[in-house]
Amino acid sequence: MAPSSPGGSLEAALSRVDYWAGICPELTIRADRKLDEDAPPPISSRKIAELKKCMLKEGYFQVCSQDFDVRELASKLARGVKALRGHGWPPTFIAIYDEAWEMVRQLSPLMLAVTGNKCNMDLVAWYVDPSQAEAGFMPHRDRAFGSGSDIAAQETAQVPASFNANGLPKYCTCWIALSEAQPDNGCLYVVPAWADPGYREGDALSLSGPEAVPADKWGLRRGPTGAPIWSPNCNEGLQAVRAVPCHRGDAVFLSHRVLHWGSQGREGSPHGPRISFSFAASTSGFEEPYLPEAALPFPTIELRLTLAAAQMMSYGGRFPQEEAEKQRYLGLYKKGRHGLGPEFRSRIDACAKAIEASEAFSPRESGETSQDERRSKKKGGEKTKEESHSKHGLTETCIKKKRKKAR
Ligand SMILES: O=C(O)CCC(=O)C(=O)O
Ligand SMILES: [Fe+2]
């Protein structure tokens, strides 16, 4: 179902709070919210030490309602995701509402205390329906390094540097179950760090020194971003794979190097669709935030809208989109792009160019680039950036290009 606005132009409605408030009346949009509302619960130093140990050994850790009770917030967000879907909007547009940012605000102190990373505003949400044979994201690392022919050298240099001297990762993702997320209806799976030959050293190391990794246990394959990843090659390797089932409100904190995926559940699962929400956090200097840091904890509605549209462009390869949808996000992005952080903006600008350069692009709908402008750009042979640095890799257009190149 495509979004529509009863009795008016959708274009005009999109930037109005009442359009979004009408979709999810239960959720709020108040960018003027202040930080004084209930502070996130304190975390004991014993708990922090325990979770740090877990992150160092396993590459992830999990917290549940006994540690952190965000169940009510999770339920509200799940209902919001469903309402958005009913109006033709993808789950990531949940970032329009205060409650998404409140979730970030609740969990950020734990992220900071354990990993030292701050929310970088890479927000994403999912609605994965096992009865439609849907699955979550394919096996990947949130950060793989390098591309092209010198991938081994790039990985060798960059992967160890993406960890702090104390071994903790400079980039992490916090993934929150907004519904039940069980093996039966789809949940996260991980290969724990201790079992994973590429976790700390880099996957492409094998290209220069294969003896270190027993090839009968682990196979080096190309992951969804085109970068190589180790995957289990035998029973022993497979036995290390771990399901991470979650009840509503549980949160999983993943290192950027832990291999993970969202599984496909069983058709007919009584748990229904798996709904979840994530935000990423990084060390300044490793990766800059997507919005200016001052925008936190509750960014303006314009920034939220631009971010949601930009995220859909960034994750286009992971969330397949109709042409009209791509153009809708492009139009929204162009209106608000000036408010984004410069690194993120230049990455999404490259995605925008790729969309505009595609055959199916119709400037009338996105309303910004003229036919002539497009023709002259194509003639000039302007190149689009091949690789995005979004945590799940390439945009759809970029993937197509990459495959073509690989053949
Ligand atoms: O929910 C999923 O399917 C994948 C989640 C994920 O890869 C992430 O949050 O980094
Ligand atoms: Fe991921």
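Mentor: The place of A133 is in the loop between β2 and α6. This is a predicted model.

Trainee: What is the phi of A133?

Mentor: The phi of A133 is positive, about 55°, although A133 is not a glycine. Most residues other than glycine have a negative phi.

Trainee: Is M121 buried or exposed, and what makes it so?

Mentor: The cut-off for buried is 20 or more other C-beta atoms within 10 Å. M121 has 26 C-beta neighbours inside 10 Å and therefore counts as buried.

Trainee: What makes V258 count as buried?

Mentor: The same cut-off of 20 or more applies. V258 has 25 C-beta neighbours inside 10 Å, so V258 counts as buried. V258 lies in the loop between β8 (251-255) and β9.

Trainee: Which residues does V258 touch, not counting residues up to four places away in sequence?

Mentor: V258 touches G59, Y60, R141, V190, A193 and Y199.

Trainee: Why does I151 count as partly exposed?

Mentor: Buried needs 20 or more neighbours, exposed needs 12 or fewer, and partly exposed is in between. I151 has 19 C-beta neighbours inside 10 Å, so I151 counts as partly exposed. I151 is found in helix α6, residues 151-161.

Trainee: What is I151 in contact with, leaving aside its neighbours within four places in sequence?

Mentor: I151 is in contact with G146, A204, A227 and P228. For A227, 76 residues apart from I151 along the chain, the C-alpha atoms of the two are separated by 8.1 Å.

Trainee: Now the helices. How are two packed helices described?

Mentor: By the angle between their axes and the distance between the axes. Helix α3 (residues 45-58) and helix α5 (residues 98-115) pack at an angle of about 70°, with their axes 9 Å apart.

Trainee: Why are α3 and α5 called roughly perpendicular?

Mentor: Angles of 65 to 115 degrees count as roughly perpendicular. The angle here is about 70°, and α3 and α5 are therefore roughly perpendicular to each other. The crossing of α3 past α5 is right-handed.

Trainee: Which residues make the contact of α3 and α5?

Mentor: On α3 they are I48, L51, K52 and M55, and on α5 they are A113, V114 and T115. By class, this contact of α3 with α5 has five nonpolar, one polar and one charged residues.

Trainee: What makes α9 oblique to α10?

Mentor: The axes of helix α9 (residues 301-314) and helix α10 (residues 323-336) come within 8 Å and cross at roughly 135°. Roughly perpendicular ends at 115 degrees and roughly antiparallel is over 145. An angle of roughly 135° therefore makes α9 oblique to α10. α9 passes α10 in a left-handed crossing.

Trainee: Which residues meet between α9 and α10?

Mentor: E302, L303, L305, T306, A309, A310, M312 and M313 in α9 meet Y329, L330, L332, Y333 and G336 in α10. The residues of this contact of α9 with α10 divide into 10 nonpolar, two polar and one charged.

Trainee: How do you know that the peptide bond joining L296 and P297 is cis?

Mentor: Omega is about 5° for the cis bond that joins L296 and P297. P297 is found in the loop between β10 and α9. Most peptide bonds are trans.

Trainee: Which residues come nearest to ligand 1?

Mentor: Of the 11 residues around ligand 1, G136, F137, T173, G262 and S278 come nearest. At least two residues of the shell are supplied by each of β3 (171-177), β9 (259-262) and β10 (274-282). By class, the shell around ligand 1 has three nonpolar, six polar and two charged residues.

Key
Residues are numbered from 1 along each chain as its sequence is written. Chains are lettered from A and ligands numbered from 1 in the order in which they are written. This is a predicted model: local features need pLDDT of at least 70, side-chain atom pairs count only at pLDDT 80 or more; totals for chains, interfaces and linings use all residues. Axes are lines fitted to C-alpha atoms, for helices over the stretch in contact, and angles run from 0 to 180 degrees between N-to-C directions. Helices (H or I, at least four residues) and strands (E, at least two) are DSSP runs, numbered from the N terminus. Angles under 35 degrees count as roughly parallel, over 145 as roughly antiparallel, 65 to 115 as roughly perpendicular and the rest as oblique. A crossing is left-handed if the near helix is turned anticlockwise from the far one by less than a right angle, and right-handed if clockwise. Two residues are in contact if their C-beta atoms, placed from the backbone, lie within 7 Å. Ala, Val, Leu, Ile, Met, Phe, Trp, Tyr, Cys and Pro count as nonpolar, Asp, Glu, Lys and Arg as charged, and the others, Gly among them, as polar. A residue is near a molecule or strand if its C-beta atom, placed from the backbone, lies within 6 Å of it.
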